[in-house]
Number of protein chains: 4
Amino acid sequence: MSQNNEFLYSAEIQLRVRYSETDQMGYCYYGNYAQYFEVGRVEALRELGMSYKIVEEKGYMLPVSSYNVKYISPAYYDDLLTITTKIIDLKGVRLYFSYDITNEKGQLVSTADTTLVFVDKKTMRPTTPPEDFVSLIFSKK
Amino acid sequence: MSQNNEFLYSAEIQLRVRYSETDQMGYCYYGNYAQYFEVGRVEALRELGMSYKIVEEKGYMLPVSSYNVKYISPAYYDDLLTITTKIIDLKGVRLYFSYDITNEKGQLVSTADTTLVFVDKKTMRPTTPPEDFVSLIFSKK
Amino acid sequence: MSQNNEFLYSAEIQLRVRYSETDQMGYCYYGNYAQYFEVGRVEALRELGMSYKIVEEKGYMLPVSSYNVKYISPAYYDDLLTITTKIIDLKGVRLYFSYDITNEKGQLVSTADTTLVFVDKKTMRPTTPPEDFVSLIFSKK
Amino acid sequence: MSQNNEFLYSAEIQLRVRYSETDQMGYCYYGNYAQYFEVGRVEALRELGMSYKIVEEKGYMLPVSSYNVKYISPAYYDDLLTITTKIIDLKGVRLYFSYDITNEKGQLVSTADTTLVFVDKKTMRPTTPPEDFVSLIFSKK
């Protein structure tokens with residue numbers, strides 16, 4: 001998925017590795033990247049025109065159903081990382097993202113992909129996304 | 001508060017410092033102790049006879065309104081820590097806890113106290129706790 | 001990898017979902033599973049006969065180079081989860097694990113696999129593991 | 001400490017509450033504020049002229065020895081928070097900070113203070129800070 005060159009939308013953010021996110025190896029702990037990718041997709045959706053907060057207020061939630069990540073170079077404390085988030089596709093109830101992270105030296109730190117599922121907050125069952133979300137997601141292709 | 005020798009109930013648990021909880025200093029990150037104290041009070045309430053999960057199912061939540069902690073000796077990766085949790089008092093809407101953490105060598109790692117407030121999940125306003133909780137909390141004195 | 005039925009060693013642990021690990025969806029946050037798998041492999045190595053702490057004291061570290069996880073049923077606050085960790089293989093500098101998580105009802109919550117790389121703490125370069133580790137890992141097959 | 005109107009330096013940053021930082025109450029988990037204050041003091045030191053990363057590279061570390069926090073109004077997912085960090089004093093081996101957090105509506109979310117201790121990374125014993133740090137910290141008064 002992350003090698004896919006076709007995507008619906010792409011957005012870039014920057015964030016710094018916090019001290020709390022390091023471990024005694026002196027690396028950013030491997031479990032903390034999930035938060036970075038979450039921030040990446042949240043900001044991609046905001047930039048696209050519908051924040052994730054609004055998606056929840058409309059009665060949906062978007063749990064992650066699958067997540068694959070490769071750790072290529074370590075990220076260190078205080079590194080200013082660039083997270084590039086690509087919205088790959090929306091098919092039925094599933095929304096596909098891919099990501100890469102680079103550091104200030106331009107080194108590739110990580111690549112990843114996630115699959116998210118639209119869930120109705122009342123029924124807690126998978127559901128198709130709202131019309132305006134669908135329109136928006138395909139509007140920038 | 002944590003010097004107070006009077007308390008309503010006391011309980012002990014053990015947990016190990018996870019790798020994710022260390023930082024590049026090689027210490028357990030200072031922010032992670034809050035989780036340990038949370039586990040301490042959750043298990044104290046379960047042992048006393050009403051799990052925090054049940055408290056929430058009854059329509060209450062217990063956010064923390066104040067938290068004070070002293071870091072005395074560092075906690076390290078894989079240390080097996082003993083958390084002693086004391087329920088100090090229940091006054092009106094407020095529930096007071098104090099804690100200490102010791103390591104396997106018997107060294108004092110940390111002392112802390114927290115104040116929690118009973119909140120009604122519907123109104124999101126402070127409220128007195130349910131009768132059965134009040135009875136329980138004073139039953140072991 | 002996680003479908004692989006052959007493995008070198010298998011170990012089971014139980015842990016409870018902490019309040020800190022939930023998110024406002026009411027689920028255990030997807031990023032926190034990485035910690036659970038870390039606890040799973042740490043305890044598997046300890047049970048096998050060489051704790052990860054000892055591995056580090058011998059001059060090695062074991063960063064994760066790849067991690068794939070499927071979220072099948074949500075894990076909720078206070079759920080008592082069973083993590084089954086399988087050591088799949090050791091090839092050159094790489095150590096392969098797979099995992100599954102089930103809840104108290106016996107439902108499958110998650111499956112995952114990770115690849116870890118032996119790194120020399122002095123040179124910070126990949127290196128073959130120490131002899132005694134290699135012997136141990138193949139001893140229980 | 002946090003009511004003290006005298007301070008050596010003050011700096012402001014903004015950050016957003018991440019989804020990972022919420023809990024099932026729908027609040028930012030009380031333990032995550034420690035990370036926000038860490039980011040606040042790190043950026044205050046950077047703005048003042050010596051990043052914490054540089055402090056560590058000079059052979060020092062700055063563990064927290066005491067931390068007190070009041071939770072006044074909840075912080076919610078996606079809230080853009082303003083963290084004001086004040087360097088209160090440097091006395092011997094101890095560096096004192098106070099903090100407050102406000103939300104976009106101007107509501108006070110939290111106040112806190114921390115005491116940090118200069119530690120020599122080689123001896124792991126408390127030590128006076130380097131001369132250039134001392135000069136810098138008193139330079140803006």
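This is a predicted model: local features need pLDDT of at least 70, side-chain atom pairs count only at pLDDT 80 or more; totals for chains, interfaces and linings use all residues.

User: Which strands of chain D does helix H1 of chain D lie across?

Analyst: Residues are numbered from 1 along each chain as its sequence is written, while chains are lettered from A and ligands numbered from 1 in the order in which they are written. Helices (H or I, at least four residues) and strands (E, at least two) are DSSP runs, numbered from the N terminus. Contact means C-beta atoms, placed from the backbone, within 7 Å. Axes are lines fitted to C-alpha atoms, for helices over the stretch in contact, with angles from 0 to 180 degrees between N-to-C directions. Here, helix H1 (residues 33-48) of chain D lies across E1, E3, E4 (80-91), E5 (94-102) and E6 of chain D, at about 130° to E1(D).

User: In what order do the strands of the open sheet come?

Analyst: Two strands pair if DSSP finds at least two bridges between them. The open sheet has 10 strands with antiparallel pairing, in the order E1(B)-E4(B)-E5(B)-E6(B)-E3(B)-E3(D)-E6(D)-E5(D)-E4(D)-E1(D). Its edge strands are E1 (9-16) of chain B and E1 (9-16) of chain D, each pairing on one side only. From one strand to the next, the twist averages 15°.

User: How many bridges join E3 and E6 of chain D?

Analyst: 7 bridges join E3 (residues 64-71) to E6 (residues 108-117) in chain D, and these strands run antiparallel. D:Val64 has D:Leu116 as its bridge partner in E6(D).

Note on methods:
Two residues are in contact if their C-beta atoms, placed from the backbone, lie within 7 Å.
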